[in-house]
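The sequence and structure are shown first.

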Amino acid sequence: MKKHHLIACPIFAKELAAVLPELAAEPMVQFMDYRVHNSAKAMAEELARCIATAGAEGAAISLLVGQECQAQLPLSQIAESCGGTLPAGHNCLEIILGRKKARVLADKRTTIMTPAWIDMINNSISDGFWTVEDVRINLGHYDRILLLDSGLVPLPDEMLMEFFDLTQVPIEIMPVSLDHFKKVVSRLLAAP
């Protein structure tokens, strides 16, 4: 049986750790650097590096990233060029929730996040890629942040208050199941 290489956005690290044992799957998982969200060039470079590693090992390749994430080429074209598969979701939220549910929840004045997004934003600030002003410009026009809680990551009040202080946007927590995400990963790993 051919090895399977799953190239994943770091946003999914905790979720993958939770569902892979349930799927009895043991793909080689390579997480891209979180900075792929800061530039299309970084996304393209990380994907090329990860694809080259998987290709050298002769593994089947799946990309666990949203189809509309920004790279220098469309992600569907990148997946096709390496014979890889890509989930149907346009972004990480659709991959976790499903397209219909994600679109209903993300009305015009709501942004949806996972705890990993909070970590990524905080890392971007501490590493100098973003400033507090960048965060407020990107998130300040929303009326609320809907934080998805899969139960995998503790959400201490202090963390939530610090993120509210950073963004100045109220945060609501919504419990979610990983059932849809598990189906997405299962389909990716079943692909040849």
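Which residues is histidine 90 in contact with, leaving aside its neighbours within four places in sequence? They are Gly66, Gln67, Glu68, Cys69, Arg99 and Arg103, contact being heavy atoms within 4.5 Å. Histidine 90 is found in the loop between helix H3 (75-81) and helix H4 (92-97), helices being DSSP runs of H or I of at least four residues and strands runs of E of at least two, numbered from the N terminus. Histidine 90 counts as buried because its relative accessible area is 17%, the limit being under 20% (1.4 Å probe, protein chains only).

The model is predicted: local features need pLDDT of at least 70 and side-chain atom pairs count only at pLDDT 80 or more, whereas totals for chains, interfaces and linings use all residues. Residues are numbered from 1 along each chain as its sequence is written, and side-chain values use heavy atoms, with hydrogens and water left out.

Leucine 148 lies in strand S5 (residues 144-149) and is likewise buried, at a relative accessible area of 2%. Not counting residues up to four places away in sequence, leucine 148 touches Leu93, Ile96, Leu97 and Ile112, among others. Its C-alpha atom is separated by 10.0 Å from that of alanine 116, 32 residues apart along the chain.

As for confidence, the mean pLDDT of the protein chain (the predictor's confidence in each residue, from 0 to 100) is 90, and 98% of its residues reach 70 or more.

Note on methods: Buried means under 20% relative accessible area, exposed over 50%, partly exposed in between (1.4 Å probe, protein chains only).
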